[in-house]
Amino acid sequence: MSATVSIEIPREIMRATRMTPQELKQDLAIFLFQQGKLSFGKAREMADMSVWAFQQLLGSRGIPVHYDVEEYEEDLQTLRELGRL
């Protein structure tokens, strides 16, 4: 069972960005993926998107998917933890 952490974002900031909370989560996930701070699997999980949808989103923004053996193994472990393997 995983825990979640909440952060507070003032409504004025949300209005200024003209983004929904889901869009903000997706952008944060993409940013962390680009910076190499999250694997593809973890970023996809954070964005609450399917593999295919997240790949399409990255592609639409011109962001290459850098996916190595370590990330593959991390994704396998995540799938095991979720009971999908």
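**Entry 1: helix H2**

I started with the buried residues of H2, and they are Gln26, Ala29, Ile30 and Phe33. I count a residue as buried under 20% relative accessible area, exposed over 50% and partly exposed in between, with a 1.4 Å probe and protein chains only. Looking down the axis of H2, I see these residues fall within an arc of 100°, so they line one face of the helix. The arc is taken from the directions that run from the helix axis to the C-beta atoms. The general rule is that an α-helix has 3.6 residues a turn, so residues three or four places apart point the same way.

A note on what I am looking at: this is a predicted model, where local features need pLDDT of at least 70 and side-chain atom pairs count only at pLDDT 80 or more, while totals for chains, interfaces and linings use all residues. Residues are numbered from 1 along each chain as its sequence is written, and side-chain values use heavy atoms, with hydrogens and water left out.

Next I checked the length of H2. Its 14 residues should span 20 Å at 1.5 Å a residue, and the end C-alpha atoms are 20 Å apart, which agrees. The expected span is 1.5 Å times one less than the number of residues. What do the buried residues of H2 pack against? They pack against H3 and H4, where contact means heavy atoms within 4.5 Å. After H2 comes glycine 36, with a positive phi near 75°.

**Entry 2: the whole protein**

I stepped back and found five helices and zero strands, so named because they are DSSP runs (H or I of at least four residues for helices, E of at least two for strands), numbered from the N terminus. Along the sequence the pattern reads α-α-α-α-α. The C-alpha atoms fill a box of roughly 40 × 35 × 20 Å along the principal axes. Of the 85 residues, 24% are buried. I also looked at contacts between residues at least 6 apart in sequence, and 46% of them join residues at least 24 apart. The accessible surface comes to about 6,600 Å², with 54% of it belonging to carbon and sulfur atoms; the areas come from the Shrake-Rupley method with a 1.4 Å probe, and for residues only the protein chains shown count as cover.

**Entry 3: the core**

Which residues make up the largest nonpolar core? I list 11 residues: Ala29, Ile30, Phe33, Phe40, Ala43, Ala47, Met49, Phe54, Leu57, Leu58 and Ile63. Such a core is a set of buried Ala, Val, Leu, Ile, Met, Phe, Trp, Tyr and Cys residues joined through side-chain atoms within 4.5 Å. The elements giving two or more residues to this core are H2 (21-34), H3 (40-47) and H4 (51-60). I picked out leucine 58: apart from neighbours within four places in sequence, leucine 58 is in contact with Ile30, Phe33, Phe40, Ile63 and Val65.

**Entry 4: the salt bridge**

My search of the whole structure turned up one salt bridge, meaning a side-chain nitrogen of Lys or Arg within 4 Å of a carboxyl oxygen of Asp or Glu. Arginine 61 pairs with aspartate 27, and the closest N and O atoms are 2.7 Å apart. The pair links distant parts of the chain, 34 residues apart: arginine 61 is in the loop between H4 and H5 (69-81), aspartate 27 in H2. Arginine 61 is partly exposed at 42% relative accessible area, and aspartate 27 is partly exposed at 29%.

**Entry 5: helix H5**

I then turned to H5, whose buried residues are Glu71, Asp75, Leu76 and Thr78. Seen down the axis of H5, they fall within an arc of 160°, so they line one face of the helix. The face turned away from that buried side carries the exposed residues Val69, Glu70 and Glu81. The buried residues of H5 pack against H3. Threonine 78 has 10% relative accessibility, and leaving out neighbours within four places in sequence, threonine 78 touches Lys42 and Glu45. Tyrosine 72, also in H5, is partly exposed at 45%.

Arginine 18 has a positive phi of about 55° although it is not a glycine. Arginine 18 sits in the loop between H1 (11-17) and H2 and is exposed at 78%. Aspartate 48, another non-glycine, has a positive phi near 55°. I found aspartate 48 in the loop between H3 and H4, exposed at 59%.
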